[in-house]
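Notebook open, new structure on the screen. Today I want to look up the aromatic rings and the charges around them.

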Amino acid sequence: MAVAGALLPAVATDQTLPPQDVTSVRRVYDEAFASMGLRLTRAALIDLEGGRYEPSPDGRHLALYVEPIDPAYSTDQYAERLWTLSALVTPDVFERWPELESYDICQEPHPDVNDDPEPPPVTQLNITRAKADLIDWVDGDLVELLIAARTDNDVRVIINRAVRESPVYAEATTEARAATGAADTPVLSAPPTSTG
């Protein structure tokens, strides 16, 4: 992740919210995402006021969507990237755009697997600024993220069935379950999607 982090541009102090066009957001993240085998497909500011979920230039929630470059991207890679992608982007979005209150980032299937314009996510992290400050994005890991998701409603993780059954994710969720003393995981399930 250090390599990807080094590819992020300096924070512009005159921007308090992300631009409302995906091309501008790509200029921030394309190089870092490419180093992780991913590409940004969509990005939007979202207004969540009153239970809405509407694109808006005044929204305080950023939605980001990435997909693998390689169609052979595995379920273990999705699981590993859930942490490394989150650890790269989460502290950056909140530092880069200080008026953001929350954001989510979805890993979607490769277009060879599902070419819908808005496919169901394979993984998703949805987190508030306040809760992001409580996670160690430098020295933490997938287990720490899953513990946060199990113990705090402002940290939501969605995983599809195939990734939940991957060795990397299964091991992390077993550790998170043991750490929280819970018998079952409240991490949400995405609809089943083949990952190739």
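Predicted model: local features only at pLDDT ≥ 70, side-chain atom pairs only at ≥ 80, totals over all residues.

I went to the charges over rings to begin with. The charged end of Arg42 sits over the ring of Tyr65, and I get 3.7 Å to the centre of that ring.

Next I checked Trp97. Arg96 lies over its face, 6.0 Å from the ring centre. Trp97 turned up again when I looked for groups of rings: together with Tyr29 and Phe33 it makes up one aromatic cluster.

How many aromatic pairs does the structure hold? I find five. I wrote down two of them in detail.

Tyr29 and Phe33 come as a stacked pair, because their ring centres are 5.3 Å apart and the planes meet at 10°, where under 30 degrees counts as stacked. Both residues belong to helix α2, which covers residues 22-35. They are four residues apart there, about one turn of the helix. Buried or exposed, I wondered about Tyr29 and Phe33? Tyr29 is buried, and Phe33 is too.

Then I turned to Trp83 and Trp137. They form a stacked aromatic pair as well, at 5.4 Å from centre to centre with 15° between the planes. Where do the two partners, Trp83 and Trp137, lie? I found Trp83 in helix α3 (residues 75-96), while Trp137 is in the loop between α4 (129-132) and α5 (142-151).

Technical notes. Residues numbered from 1 in each chain as written. Heavy atoms only, no water. Phe/Tyr/Trp six-rings, centres within 6.5 Å; stacked < 30°, edge-to-face > 60°. Helix = DSSP H or I, 4+ residues; strand = E, 2+ residues; numbered from the N terminus. Buried < 20%, exposed > 50% of the residue type's maximum accessible area, 1.4 Å probe, protein only. Lys NZ or Arg CZ within 6 Å of the ring centre and 35° of its normal.
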